[in-house]
Amino acid sequence: MCSHPVLVQPSGLRFDAPAGTSVLLAAQAAGIKLPSSCRNGTCRACMCLMIEGSVVYGIEWPGLSRDEKEEGWILPCVAQATSALEIEAPGAALIETAPAAVRPLTGARR
């Protein structure tokens, strides 16, 4: 399966986006959180600027105007990378994993 490298600015985070997988899901699989809400291309919470590269959409018309598309704005929740990408997503961060719960010592077993 083909995948494309994605560079997230300004954080410098990197991940690979497999063909047929949304940029948002590929980022999450790599431990990177991008802003998101609806995950179906309507709320625009994930909207970010594509600095370089190309994408296709898994839906017919995502919630972007023609002008926004021409300016390079994408919706990672429904965009699939078709080349190496560089995107500007200021809210991107590593996903924090919760530490394992420590069970208190309860003394000797009976």
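Which residues does S22 touch, not counting residues up to four places away in sequence?

1. **S22 and its contacts.** This is a predicted model. In it, S22 touches P76, C77, V78, A79 and Q80, leaving aside residues up to four places away in sequence. S22 sits in the loop that runs between β2 and α1.

2. **S22, burial and polar reach.** Relative accessibility at S22 is 9%, so this serine counts as buried. The cut-off for buried is under 20%. The S22 side chain also reaches the backbone nitrogen of L25, at 3.1 Å.

3. **The nonpolar core.** The largest nonpolar core holds 26 residues. V6, V8, F15, L34, L85 and I87 have the most contacts inside it. At least two core residues come from each of β1 (3–9), β2 (13–18), α1 (23–29), β4 (48–52), β7 (79–81) and β8 (85–88). Helix α1 gives the largest share, four residues. In soluble globular proteins, nonpolar side chains tend to be buried together.

4. **V6 within the core.** V6 is one of the residues with the most contacts inside this core. Not counting residues up to four places away in sequence, V6 touches L13, R14, F15, A17, L85 and I87.

5. **E71 on helix α2.** E71 belongs to helix α2, residues 66–71. Its relative accessibility is 53%, so E71 counts as exposed; the cut-off is over 50%. The side chains of E71 and W73 are joined by a polar contact of 3.4 Å. E71 and L49 are 22 residues apart along the chain, and their C-alpha atoms are separated by 8.1 Å.

Terms used. Residues are numbered from 1 along each chain as its sequence is written. This is a predicted model: local features need pLDDT of at least 70, side-chain atom pairs count only at pLDDT 80 or more; totals for chains, interfaces and linings use all residues. Side-chain values use heavy atoms; hydrogens and water are left out. A nonpolar core is a set of buried Ala, Val, Leu, Ile, Met, Phe, Trp, Tyr and Cys residues joined through side-chain atoms within 4.5 Å. Buried means under 20% relative accessible area, exposed over 50%, partly exposed in between (1.4 Å probe, protein chains only). Contact means heavy atoms within 4.5 Å. A polar contact is a pair of N or O atoms within 3.5 Å; within protein, one must be able to donate a hydrogen and the other to accept it, and residues adjacent in sequence count only if both atoms are side-chain atoms.
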